[in-house]
Amino acid sequence: MELISKAQLEALTGRTYTDAEFGVIDLMTTDTIRGEVGDRISDPPQPGIASVALGMAARVLTNSGGVSSEQAGGMLISYFASQIGQAMSADERRRLRRAVGMAAGASSLSIAPEDTTPPVTVWRAL
């Protein structure tokens, strides 16, 4: 199953890649995504997965070393946290998990017994 294509990545980044370069990029991206959602990805992938995969692949290429800033002479380049390395951002993780039908995180889990939940009354003006 292919999450991204070489042509899509080249169109997004505006450069060409050898088959070996693309193979490494694809492997890193797919492995990171599968590490998060396992085998829940369908063939073809669910909507939303390809955009996350392309964003991650482009970020790895932009800043593969995970540098937060670099300077040469008087020129300083700083990267946002979302542009650093191959790690998945919280937003990407949430989007992936939602795409495959997984809970977005522990915040959606209530461990309180049902009988201790305070009653809620919604008042509306008539």
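**View 1. Residues 81-85 of the predicted model have pLDDT under 50.** pLDDT is the predictor's confidence in each residue, from 0 to 100. For residues 81-85 the model has 13 contacts (heavy atoms within 4.5 Å) beyond four places in sequence. This is a predicted model: local features need pLDDT of at least 70, side-chain atom pairs count only at pLDDT 80 or more, and totals for chains, interfaces and linings use all residues. Residues are numbered from 1 along each chain as its sequence is written, and side-chain values use heavy atoms, with hydrogens and water left out.

View 2. Helices (H or I, at least four residues) and strands (E, at least two) are DSSP runs, numbered from the N terminus. The mean for the protein chain is 78, and 65% of its residues reach 70 or more.

**View 3. Q46 sits in the loop between α2 (19-37) and α3 (49-62).** Q46 counts as buried because its relative accessibility is 16%; buried means under 20% relative accessible area (1.4 Å probe, protein chains only). Beyond its neighbours within four places in sequence, Q46 contacts R40, I41, A99 and V100. V100 is 54 residues away in sequence, yet its C-alpha lies 6.9 Å from that of Q46.

**View 4. The largest nonpolar core has 19 residues.** Such a core is a set of buried Ala, Val, Leu, Ile, Met, Phe, Trp, Tyr and Cys residues joined through side-chain atoms within 4.5 Å. L9, I33, V37, I41 and L96 have the most contacts inside this core. α2 and α3 each supply at least two of its residues. The largest share, 6 residues, comes from α3.

Methods:
Buried means under 20% relative accessible area, exposed over 50%, partly exposed in between (1.4 Å probe, protein chains only).
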